[in-house]
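My plan is to look things up one at a time and jot down what I find.

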Amino acid sequence: MLAAAPSAKPNRALLFGVFGTLFFLTLLLGAQTPPYNDGRQIIDPAENLIYRGSFGIPLAGGSVFYNPRPMFVSLVHVPSVLLRRGLSALFPAADSVIRTLTFHLVPAAILGLTGMLMIRFLLLIGVGVLAASLSTSALAFSTILFVYGRVVWSDILQAAMFWGFFSELVLAAREPGRGGAIKVGVWAGLLINTKYTFVLALPGAALFLALEAWPRLRARGLAALFAWTAVAFLPFVLFILWSNHHRWSDAFSAGYGGVPFQESLFWGLYSLLFSYGKGLFIYNPVLALAMHNHRLPNRYWLAIALVCLPIVLLYAKASDWAGDWSWGPRYLIFIVPVLMVPVAVRLNTWIEKRRYFLVGLFGVLAMTGVGVQLVGAGAYWDHFIRLSQATAFEWLGNPNRAGNYSNKHGAHCDPCYEDLHNHTYTPAFQPIEGNYWLLKHWFKGDRWEACEKDMPWRRYTSLPLASPKAFCSTIEVDWWFMPFRKNYRTAGRILLGFFIIALAGCLRLWVRGCRTCGGKGLAVASPGP
């Protein structure tokens, strides 16, 4: 697969420095928005488990609601709930602030874990420490991983588990053995416990591992390799079966309703990559450098084709491929770390050959991505989404939903074309531009009259629209420190200072780890045998 190159090797200082830097910087820039919608469905079971001893959410009339997502996506938040419970017992009056802060700890930690796994992998395949560090930073802060690392949704967990699985698969294929097989099995088990759809990655992964390991292991060795993988994988399957039976009295019931797969494969794939509101490269511009990378062995792209492509094609066929009202193509978040590897290899080549203009191109694309994510994180994306919904109804009229595929024909339907097409396909309601427009006027302190003059849809209509006024008047920067400006000022300043000091310490550890990890740090991934 990827032959070893004389490059730096990851050490504990470097790995912990990367994790801590990404974790504390994400917390420093963290959100104040409490979990709701998808976030509530994830966090409520964890809260109910700690406070009431049951994973189900009691509803009116005595019924119980169970989140149809895998139980694991809620269980990872149990430490946050325990911390909130302990702090709230000491400071009961501050429970609402404590709740918001503690619930953002786990997503930030998962983002840090993803970065740590990324830099480890890049160094192991021969990417230099400078290119690996820059690429890891770009992954964390110039892609949609940053925005989802600030909210209690399951997408950042999916990205982390998929990258852990994919990277260990690649390493195990390069040096097949019992240890690597067990790691692949564990990561595969964690992966399908984040989203059942990822089971589609397993057949291709098995085929890829078999193709790579066959020349060295042959039939008997390959059978042993898969046996160790299955042994490590089985407990996670049993946990899914148990959790499904516990929730729905049926081990093989996933709890999901049916979703039609009737989109054109071509248009679904094109829209996921290039549409106005959901295009992968609009929200992650640095990934444009991943294409046509001749320095990366073809077998890495074979791994992508076998492991990632089936999932991408499934989402392209789904009628709700856009991922509802979310920031960017969240159904493709799992592939973002995978595509960052070719970017890192390309950057490493440019650094090695001192092509500083091209290194500057990487910097421009990365900083553009940082701007995109700061716009998405500066004001919680749902604010502009609701504004665009209200504006579209007032401007273009209430759509006829009688023929949509939802169970409530005629009612508002989040994933249906009638309600989503403006947000996804028209530049008038492009979310990046829309959030920038809101934040720009918030920072200027403009009144409604100033905001109205350059509304994005003003390019297309001169109609006086009343709907945006209320949303523009209530915009607020989504930063955790904002509530502390009025209440608990001292606590807020102490917390802010702690994040800054911890961030500086971890960043210093990262730099020290780079200096002591050995090697010149400029080697490129070898093309392999």
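**Entry: Val 359**

I started with Val 359, which touches Leu 347, Trp 350 and Ile 351, leaving out residues up to four places away in sequence; contact here means heavy atoms within 4.5 Å. Val 359 is found in helix α16, residues 356-378. I also looked up how far Val 359 is from Leu 507: their C-alpha atoms are separated by 22 Å, and the two are 148 residues apart along the chain.

**Entry: ground rules and confidence**

Residues are numbered from 1 along each chain as its sequence is written, and side-chain values use heavy atoms, with hydrogens and water left out.

Next I checked pLDDT, the predictor's confidence in each residue, from 0 to 100. The chain has a mean pLDDT of 89, and 93% of its residues reach 70 or more. Over residues 1-7 the pLDDT is below 50, and this stretch has 28 contacts in the model beyond near neighbours in sequence. Residues 519-529 also have pLDDT below 50, with 37 contacts beyond near neighbours in sequence. Where pLDDT is low, the predicted coordinates should not be read in detail.

**Entry: the whole chain**

I found 22 helices and two strands in the chain; these are DSSP runs numbered from the N terminus, with helices being H or I of at least four residues and strands E of at least two. The radius of gyration is 24 Å, close to the 24 Å that the globule rule gives for 529 residues, so the chain is as compact as a globular protein of that length. (That radius is taken over C-alpha atoms, and the rule is 2.2 Å times the number of residues to the power 0.38.) Along its principal axes the C-alpha trace spans about 70 × 55 × 55 Å.

Buried residues make up 55% of the 529 residues; buried means under 20% relative accessible area, exposed over 50%, and partly exposed in between, using a 1.4 Å probe and protein chains only. Among contacts between residues at least 6 apart in sequence, 78% join residues at least 24 apart.

**Entry: cores**

Which residues touch the most other members of the largest nonpolar core? I got Phe 162, Phe 165, Phe 166, Tyr 300 and Phe 334, out of 118 residues. (A nonpolar core is a set of buried Ala, Val, Leu, Ile, Met, Phe, Trp, Tyr and Cys residues joined through side-chain atoms within 4.5 Å.) Helix α9, residues 155-174, gives the largest share of this core, 14 residues. A second, separate core of 18 residues includes Ala 379, Trp 448, Cys 451 and Ile 475.

**Entry: salt bridges**

The structure holds 16 salt bridges, each a side-chain nitrogen of Lys or Arg within 4 Å of a carboxyl oxygen of Asp or Glu. Asp 38 and Arg 330 meet in one of them at 3.6 Å, N to O. This pair links distant parts of the chain, 292 residues apart: Asp 38 sits in helix α2 (residues 38-52), and Arg 330 in the loop between α14 (298-317) and α15 (336-352). Are they buried or exposed? Both Asp 38 and Arg 330 are buried. I also noted a network of salt bridges that links Asp 38, Arg 69, Asp 155 and Arg 330.

Glu 212 and Arg 299 meet at 3.5 Å, N to O. Glu 212 lies in helix α11 (residues 201-248) and Arg 299 in helix α14, so the pair ties together parts that are 87 residues apart in sequence. Glu 212 is buried, with a relative accessible area of 9%, whereas Arg 299 counts as partly exposed at 26%.

**Entry: Trp 479**

Last, I looked up Trp 479, in the loop between α21 (467-473) and α22 (489-516). Trp 479 is partly exposed, with a relative accessible area of 27%. Among the residues it touches, not counting those up to four places away in sequence, are Leu 28, Gly 30 and Leu 496.

Key. Predicted model: local features only at pLDDT ≥ 70, side-chain atom pairs only at ≥ 80, totals over all residues.
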